[in-house]
Amino acid sequence: MANDNKKEHVQVVTDKSLQFLEAYINNPSPTGFEWEGQRLWLDYIKPYADSHFVDNYGTAVAVINPEAEFKVVIEAHSDEISWFVNYISKDGLIYVIRNGGSDHQIAPSKRVNIHTDKGIVKAVFGWPAIHTRSGEKEEAPTLKNIFLDCGCTSQEEVEALGIHVGCVITYEDEFMVLNNRYYLGRALDNRVGGFMIAEVAKLLKENNKTLPFGLYIVNAVQEEVGLRGAEMIANRIKPDLAIVTDVTHDTQTPMINKVTQGDLSCGKGPVLSYAPSVQVNFNKLLVKTAEENQIPFQRQASSRWTGTDTDAFAYSNNGVVSALISLPLRYMHTTVEMVHKDDVDNVISLIYHALLSIDPKHDFRSIK
């Protein structure tokens with residue numbers, strides 16, 4: 001039976017916003033090489049902020065009320081997993097190592113872009129034809145046997161294209177909308193987070209909201225290799241509060257164990273985390289905000305750490321009150337990552353309303 005009291009979904013993402021999201025997802029921003037994506041993001045968010053800055057490694061920060069003493073961060077990370085050229089064989093094949101948590105099992109037959117000082121070089125992850133593997137024990141893709149073919153037949157020919165050890169490699173797959181329900185593409189982890197925090201800034205501006213604190217909208221680099229960008233920028237900003245947004249696993253597809261991974265679904269709302277780095281009373285404020293604004297939400301528990309930039313902020317500067325709002329995502333670290341359109345709207349709404357409920361004088365400690 002339908003719930004007549006259920007609040008009608010409020011669409012937040014506009015057609016113009018969606019154009020930016022598509023361009024932003026399609027632009028490659030591999031870990032350590034995020035600059036072009038950061039330029040796009042800053043160009044989009046500048047009209048909604050008072051100032052901005054970029055640190056030495058590329059973390060971009062837009063600021064509202066930069067003179068305020070009390071500082072609140074909303075944060076996402078901008079980098080995507082990728083590969084590095086590691087070895088070029090004499091016959092012109094290229095072997096790789098990971099840059100972040102790239103999945104070797106999805107690599108065979110994928111088209112890629114090799115980024116060189118001379119521009120993009122196209123290549124493919126080759127793989128022996130099924131005919132040549134018949135009758136023998138199947139060999140699974142591993143880091144030791146996947147390779148790139150860029151159409152060259154010698155090491156010298158490869159190097160003449162500008163390819164060298166250390167060149168970064170990204171997949172060329174691009175953004176699409178699936179069944180008018182899901183946003184799909186590579187690197188939704190977590191450039192969709194950067195998109196959502198920019199939309200929060202846009203809502204604040206369009207609704208003429210004045211905040212009683214400084215808001216630092218942070219698009220951090222190098223999360224995929226150990227939360228490094230967040231570590232650096234947390235020490236620079238020295239915030240009082242931090243709301244981090246990242247993706248988490250939708251667990252409704254085959255081969256995922258809900259007993260160990262939890263029961264989370266795309267389309268059922270933002271996910272609020274319970275973990276040592278998530279400050280318990282700040283998390284209660286987010287729960288209350290969701291309930292008061294009839295924003296659907298889900299819950300997730302993390303045993304020791306969240307594995308997100310929340311951990312970096314929480315344990316910086318003698319302890320920063322931090323919480324995590326996650327977006328359910330299918331097929332993480334593949335080129336077909338999927339998130340539900342309604343969830344994106346609701347994460348934006350939850351962060352927006354949470355900011356409006358923050359009082360700089362509030363003491364989140366349980367023992368005063």
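Tutor: Helices here are DSSP runs (H or I, at least four residues), numbered from the N terminus. This is a predicted model, in which local features need pLDDT of at least 70, side-chain atom pairs count only at pLDDT 80 or more, and totals for chains, interfaces and linings use all residues. Residues are numbered from 1 along each chain as its sequence is written, and side-chain values use heavy atoms, with hydrogens and water left out.

Student: At what angle do helix H1 and H5 pack, and how far apart are their axes?

Tutor: Two packed helices are described by the angle between their axes and the distance between the axes. Axes are lines fitted to C-alpha atoms, for helices over the stretch in contact, with angles from 0 to 180 degrees between N-to-C directions. For helix H1 (residues 15-26) and H5, the angle is about 150° and the axes are 10 Å apart. H1 and H5 are therefore roughly antiparallel, a term for angles over 145 degrees.

Student: Which residues of H1 and H5 make the contact?

Tutor: Contact means heavy atoms within 4.5 Å. H1 contributes Ser17, Phe20, Leu21, Tyr24 and Ile25, while H5 contributes Leu188, Arg191, Val192, Phe195, Glu199 and Lys202.

Student: Which residues is Val344 in contact with, leaving aside its neighbours within four places in sequence?

Tutor: Among them are Val192 and Phe195, together with Val13, Tyr183 and Leu327.

Notes:
Helices (H or I, at least four residues) and strands (E, at least two) are DSSP runs, numbered from the N terminus. Angles under 35 degrees count as roughly parallel, over 145 as roughly antiparallel, 65 to 115 as roughly perpendicular and the rest as oblique.
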